[in-house]
Amino acid sequence: MSRRNVLKAGGIGAAGLLIGASGAGSLLTFTASADKSSTGIVPFYGSYQAGITTDPQNHLYFASLILTTMDTSEVKQFLKEWTKTAAMMTEGKSIGKAAESLLLPPDDTGEASGLDASNLTVTFGVGPGFFQKLNLTSKQPKELKELPSFSFDALEEKWSGGDLCIQACADDPQVAFHAVRNLVRIARGKVQLKWTQAAFQRTKQADTKSETPRNLFGFKDGTGNPDTSSHSAMNNHVWVQNGWMTGGTYMVVRRVQMFIEVWDRTALGEQEATFGRHRDTGAPIGSENEFDPVDVNKKDVNGNKLIPANSHTALAHGDGKKKILRRSYSYADGLDTKTGSFDAGLLFISFQKSISDQFIPIQTRLANNDKLNEYTIHRGSAVFACLPGVKKGGYLGETLFY
Ligand SMILES: C=CC1=C(C)c2cc3[nH]c(cc4nc(cc5[nH]c(cc1n2)c(C)c5CCC(=O)O)C(CCC(=O)O)=C4C)c(C)c3C=C
Ligand SMILES: [Fe+2]
């Protein structure tokens, strides 16, 4: 039963009476309006996990977890429970049995009762420690290892690493949090939270023109992503094509603090030179439209490069052949007590089929020369293998445990 209908169930008697009084027309009307949960559902089951190439939602709740059991059968068991629970939550349904006993805690924690599915997606990944703790190193993909340290990294343990991750995205923040909370609860005693991050984008309600979202520096962020509707682009850049990870992908998460106060004192021309794009349109400097091609060699009348060579776009783009799929969210976590400034920034999340061939070369160029480094600092880092999609009747990680 959908979470909305649980609440509406009390009204069914009254609706039934109405049907008696006014005939089938009323029944149809009732069914259509009560079935609101059929909108805003992103299917959980499929060849690929949702939350990667599916449209980004308004809110993210991200959790990195430590595995506290070394017993593979216990892990399989909770992965099976996670599968069923995630599928139910993404359909906007309450989990477990309806609360009947006053002597027991209810199966569902209840804060999403009455809320619709809100396009919830729950995406699961496993980190390098997962394979080590479960003695599964023969199955550990060679792509899945801790990142090298990059220039200017200021990583903190409290924002880094993890044996498992849950990325819950939804158009409602409470629905996203409810998903992670209930999944962690199900695996209690076998996992423990390492770090979490709540994050946001603009809401779709506020963005009536469905434009590319802007980051906290006010620039459109996501323009240069590969086209998620193109199967060939996703196969080229995102989905792993062989072995037990077929249909999975690798995720890099970086918690990047942005010095917004410093940025706010920076002239617009300097801001645009930093990104290599115009703030208003999002177009590459010297071009008119957001999606105009990035030509890093284009010069002005004086022979100077229009997109500065040390700009974020020039360095991230490179020769344009290596692409990653970014699906980042902004965060604002009160203040940085050391400096008294905002602790705000970007929970940078990227998906790629090869971390060594895609993310690392790009991030190396950025870390060494990016003008954006004057305004940002990387505080956290983690890598995960996002498991292949699950078929109905199957479970998360099934191909790994064959
Ligand atoms: C490889 C890692 C990357 C990190 C880390 C990163 C951090 C970061 N980026 C922005 C804002 C923007 N990034 C933009 C483009 C862009 N960024 C990366 C990679 C990383 N960014 C890539 C691969 C690209 C695309 C390059 C291309 O091929 O054109 C842009 C421009 C608009 C866009 O294309 O999205 C912005 C703006 C911030 C604020 C940030 C860390 C805080
Ligand atoms: Fe970027």
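The following questions and answers concern a predicted model.

Residues are numbered from 1 along each chain as its sequence is written, and chains are lettered from A and ligands numbered from 1 in the order in which they are written. In this predicted model, local features need pLDDT of at least 70, side-chain atom pairs count only at pLDDT 80 or more, and totals for chains, interfaces and linings use all residues, while side-chain values use heavy atoms, with hydrogens and water left out.

Visitor: How many disulfides does the structure hold?
Guide: A disulfide is a pair of cysteine sulfur atoms within 2.5 Å. The sulfur of Cys165 is too far for a bond, because its closest cysteine sulfur, in Cys386, is 5.4 Å away. For Cys169 the closest cysteine sulfur is in Cys165, at 11 Å, again too far for a bond. The number of disulfides in the structure is 0.

Visitor: Is Cys169 buried or exposed?
Guide: Buried means under 20% relative accessible area, exposed over 50%, and partly exposed in between (1.4 Å probe, protein chains only). The relative accessible area of Cys169 is 0%, so Cys169 is buried.

Visitor: How far apart are the end C-alpha atoms of helix α4?
Guide: Helices are DSSP runs (H or I, at least four residues), numbered from the N terminus. The expected span is 1.5 Å times one less than the number of residues. Helix α4 has 19 residues (residues 72-90), so the span should be 27 Å; this agrees with the distance between its end C-alpha atoms, 26 Å.

Visitor: Which residue with positive phi follows α4?
Guide: Buried residues of α4 include Trp82, Met89 and Thr90. After the helix comes a residue with phi near 80 degrees, Gly92.

Note on methods: Helix = DSSP H or I, 4+ residues; strand = E, 2+ residues; numbered from the N terminus.
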